[in-house]
Amino acid sequence: MTRGAPIPETVTLHVPFRIVKRGGRKEMQLPEGATQPRRVDSALVKALARAFRWKRMLESGEFATIAELAEREGIAPSYMTRVLRLTLLAPDIIEAILDGKQGPEVTLARVLEPFPAAWNEQRPRFQADTDD
């Protein structure tokens, strides 16, 4: 635009994107090469916080068993066990989740599924998004 050009009344902007499902929610996905804002998955972060809190409560001796702690928290022991498993994630995977840099395939449902205890075997499954 130049200084002398009239300002149009309407402006049309075309932004290419597609809608994808992620963790049961619909999300807008930008085209390849476009920088996407980091988005922290609050459900994942909350699950990690719970896992480490519960681990600390068990290790401190405050509760003798997972069943006892699960009863106090009002949840099923099997669910608590799956969430507690998150404390076995590699530190870099945890950091990526907390920073919102986890890949789109890293959802709460996916991390609650059984995964290998060895960190080097976890990384291909929960590959962090390294684009900055």
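Me: Leaving aside neighbours within four places in sequence, which residues is glutamine 122 in contact with?
Reply: This is a predicted model. Glutamine 122 lies in helix α6, residues 119-125. With neighbours within four places in sequence set aside, glutamine 122 is in contact with Leu88, Leu89, Ala90, Ile93, Phe115, Pro116 and Ala117.

Me: Is glutamine 122 buried or exposed?
Reply: Buried means under 20% relative accessible area. Glutamine 122 has 0% relative accessibility, so glutamine 122 counts as buried.

Me: Which backbone oxygen does the side chain of glutamine 122 reach at 3.0 Å?
Reply: A polar contact needs a pair of N or O atoms within 3.5 Å. The backbone oxygen of alanine 117 lies 3.4 Å from a polar atom of the glutamine 122 side chain. The one reached at 3.0 Å is the backbone oxygen of leucine 88.

Me: How are α1 and α2 oriented to each other?
Reply: The axes of helix α1 (residues 42-59) and helix α2 (residues 66-73) come within 11 Å and cross at roughly 125°. Angles of 65 to 115 degrees count as roughly perpendicular and those over 145 as roughly antiparallel. The two helices, α1 and α2, are therefore oblique.

How values were computed
Residues are numbered from 1 along each chain as its sequence is written. This is a predicted model: local features need pLDDT of at least 70, side-chain atom pairs count only at pLDDT 80 or more; totals for chains, interfaces and linings use all residues. Side-chain values use heavy atoms; hydrogens and water are left out. Axes are lines fitted to C-alpha atoms, for helices over the stretch in contact, and angles run from 0 to 180 degrees between N-to-C directions. Helices (H or I, at least four residues) and strands (E, at least two) are DSSP runs, numbered from the N terminus. Angles under 35 degrees count as roughly parallel, over 145 as roughly antiparallel, 65 to 115 as roughly perpendicular and the rest as oblique. Buried means under 20% relative accessible area, exposed over 50%, partly exposed in between (1.4 Å probe, protein chains only). A polar contact is a pair of N or O atoms within 3.5 Å; within protein, one must be able to donate a hydrogen and the other to accept it, and residues adjacent in sequence count only if both atoms are side-chain atoms. Contact means heavy atoms within 4.5 Å.
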